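Keep the sequence and the structure open while you read.

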Amino acid sequence: MMRRKSQHLLALSNRISAMIRKLGSAFKSRLVAFIAIGLTAALLLAVASLEGQSGAQPPAPSPSKTTEQVFKNIQVLKGIPSDQLIPAMQFISSSLGVQCDFCHMAGAFEKDDKKPKQTARKMMQMMIIINQENFDSHREVTCNTCHRGSPKPVAIPAISADATPPLPQGLDEDQPPANFPSVDQILAKYVQAVGGMDAINKITSRSASGKITLGPRQFPVQIFDKTPNESAVFTHLPNGDSATIYNNHQGWSSTPGRPVRDMSSADSAAAALDADLQFPADANHIFKELRITGEEKIGDKQTYVMAGAREGQPPTRLYFDQQSGLLLREVRYADTPLGLNPTQIDYADYRDQGAVKTPFQWTISQPRGRSLIQIEQMQLNVPIDDSKFAKPSAPPAQEKQ
């Protein structure tokens with residue numbers, strides 16, 4: 001069993017509470033965050049997933065059941081859909097830069113044996129009260145507000161050469177940039193750069209194989225996509241296959257030796273976005289609203305940045321190469337009861353695949369880590385059996401020692 005060196009947060013709670021009481025009345029400006037997880041996020045989730053409760057029959061979270069109906073010993077996050085609990089725990093993990101065993105007992109997540117778990121409850125209650133009393137219950141202060149990837153809250157601002165200076169007082173931050181092309185012009189250039197509307201709409205399936213890099217190790221990966229919006233990713237690990245599957249209605253993830261997990265609603269929404277083989281042609285329909293927010297440099301390429309809103313989801317940011325018109329980056333966020341979990345996907349190594357240009361390299365970045373998928377072989381419009389998109393079989397039950 002892998003153990004991490006626990007850093008006790010109990011002593012910090014009093015200090016943070018005192019600090020927040022002093023700052024509470026001083027908060028006069030809201031924290032602004034453009035908000036935008038999916039097949040790619042689920043890949044990382046499959047490797048570093050949060051295991052549910054102990055017992056022979058693992059719980060089955062769903063939007064129709066509350067957390068206390070599914071999980072044991074829920075004291076703070078009551079009354080929310082049970083499929084939002086694990087994303088909320090992932091938000092804590094990302095905000096503090098820790099893993100599940102920092103607060104939880106392995107194999108007995110419901111137990112309160114660790115002090116950091118009890119402290120985490122106090123911190124969540126404090127966060128809720130701050131937002132209620134200072135921001136009309138809008139979620140402006142989160143775990144990440146103070147922690148910024150560290151178990152110990154960050155008290156001193158970091159110095160960054162890349163930081164953007166604040167705008168002069170009175171300048172409208174939402175004012176549209178001048179002399180920029182329109183949304184329709186940028187999307188039209190993207191469609192032409194990929195291969196044109198006719199070529200895009202002729203794609204019915206995609207089969208790819210390559211390598212996924214997770215930390216210092218590489219593993220074989222196979223990816224299958226099929227219209228309408230079906231996707232399956234199989235990572236071949238030494239102890240079995242990890243699978244992330246979406247069938248246009250629901251999705252699942254599985255790892256060797258762990259129960260099959262249903263995707264949360266946020267994961268399903270992101271998976272549907274990733275599984276759309278006609279995304280360049282569909283972008284105008286996927287997002288009910290699109291607007292240009294500015295420009296930004298990625299490496300040596302200047303990009304136009306576009307924000308897109310989907311029904312019931314935080315906005316997504318899209319970065320288009322000003323020269324080629326190709327999509328270089330996508331940033332989206334999964335909404336959780338505690339805050340927003342970001343996922344950034346960088347697309348590179350575009351190659352002609354028949355009449356269509358397709359990225360052969362995807363870099364998926366989240367606060368908890370980064371993975372890189374390098375495609376080695378790809379085929380379009382090949383038969384893919386529907387069984388690829390079926391719910392994975394549950395792993396055989398392990399006998400008790």
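Which residues in the largest nonpolar core touch the most other members? They are Ile223, Phe279, Met306, Phe320, Leu327 and Ile373, out of 42 residues in this core. The model is a predicted one. Helix 7, residues 183-194, gives the largest share of the core, with seven residues. A second, separate core has 20 residues, including Phe71, Cys103, Met127 and Leu338. As background, nonpolar side chains tend to be buried together in soluble globular proteins.

**Around Ile223**

Leaving out residues up to four places away in sequence, Ile223 touches Arg206, Ser207, Ala208, Ala232, Val233, Trp362, Ile373 and Ile375. One of these partners, Ile373, is itself listed with Ile223 among the residues that touch the most other core members.

**Helix 7 against helix 10**

How do helix 7 and helix 10 run relative to each other, parallel or antiparallel? Their axes cross at roughly 155° and come within 9 Å; helix 10 covers residues 279-286. Angles over 145 degrees count as roughly antiparallel, so the two helices are roughly antiparallel to each other. Helix 7 brings Asp184, Leu187, Tyr190, Val191 and Val194 to the contact. Helix 10 brings Phe279, Pro280, Ala281, Ala283 and Asn284. By type, the residues of this contact are eight nonpolar, one polar and one charged.

The buried residues of helix 10 are Phe279, Pro280, Ala281 and Ala283. They pack against helix 7, helix 8 (197-201) and helix 9 (265-275). They also pack against three strands: strand 7 (289-298), strand 9 (313-321) and strand 10 (327-335).

**Helix 5 and its end**

Helix 5 has 20 residues. From first C-alpha to last it reaches 28 Å, close to the 28 Å expected at 1.5 Å a residue. Its buried residues are Pro116, Lys117, Thr119, Ala120, Arg121, Met123, Met124, Met126, Met127, Ile130 and Asn131. Among them, Met127 also belongs to the second core. An α-helix has 3.6 residues a turn, so residues three or four places apart point the same way.

Is Arg121 buried or exposed? Arg121 sits in helix 5, residues 115-134. Its relative accessible area is 11%, and under 20% counts as buried, so Arg121 is buried. Not counting residues up to four places away in sequence, Arg121 touches Asn73, Gln75, Val76 and Asp112.

Asp136 follows helix 5. Asp136 lies in the loop between helix 5 and helix 6 (143-147). Its phi is near 55°, a positive value in a residue other than glycine. At 62% relative accessibility, Asp136 counts as exposed.

**The loop between strand 2 and strand 3**

Which peptide bond is cis, with omega near 0°? The bond from Thr227 to Pro228 is. Pro228 lies in the loop between strand 2 (217-226) and strand 3 (230-237). Asn229 is found in that loop too. Asn229 has a positive phi of about 55°, although it is not a glycine.

**Pairs set apart in sequence**

| Pair | Places apart along the chain | C-alpha separation |
|---|---|---|
| Ala348 and Leu328 | 20 residues | 6.7 Å |
| Thr244 and Ser231 | 13 residues | 8.1 Å |
| Phe91 and Pro342 | 251 residues | 9.2 Å |

Phe91 lies in helix 4, residues 85-96. At 3% relative accessibility, Phe91 counts as buried. What does Phe91 touch, not counting residues up to four places away in sequence? Its partners are Thr142, Cys143, Asn144, Thr336, Leu338, Gly339, Leu340 and Asn341. One of them, Leu338, is a member of the second core.

Thr244 has its place in strand 4, residues 240-246. At 2% relative accessibility, Thr244 counts as buried.

Ala348 lies in strand 11, residues 340-353. With a relative accessible area of 28%, Ala348 is partly exposed. Setting aside neighbours within four places in sequence, Ala348 is in contact with Pro359, Phe360 and Gln361.

Methods: Residues numbered from 1 in each chain as written. Predicted model: local features only at pLDDT ≥ 70, side-chain atom pairs only at ≥ 80, totals over all residues. Heavy atoms only, no water. Core = buried A, V, L, I, M, F, W, Y, C linked by side-chain atoms within 4.5 Å. Buried < 20%, exposed > 50% of the residue type's maximum accessible area, 1.4 Å probe, protein only. Helix = DSSP H or I, 4+ residues; strand = E, 2+ residues; numbered from the N terminus. Contact = heavy atoms within 4.5 Å. Axes fitted to C-alpha atoms, helices over the stretch in contact; angles between N-to-C directions. Parallel < 35°, antiparallel > 145°, perpendicular 65-115°, else oblique. Nonpolar A, V, L, I, M, F, W, Y, C, P; charged D, E, K, R; others polar. Expected span 1.5 Å × (residues − 1).
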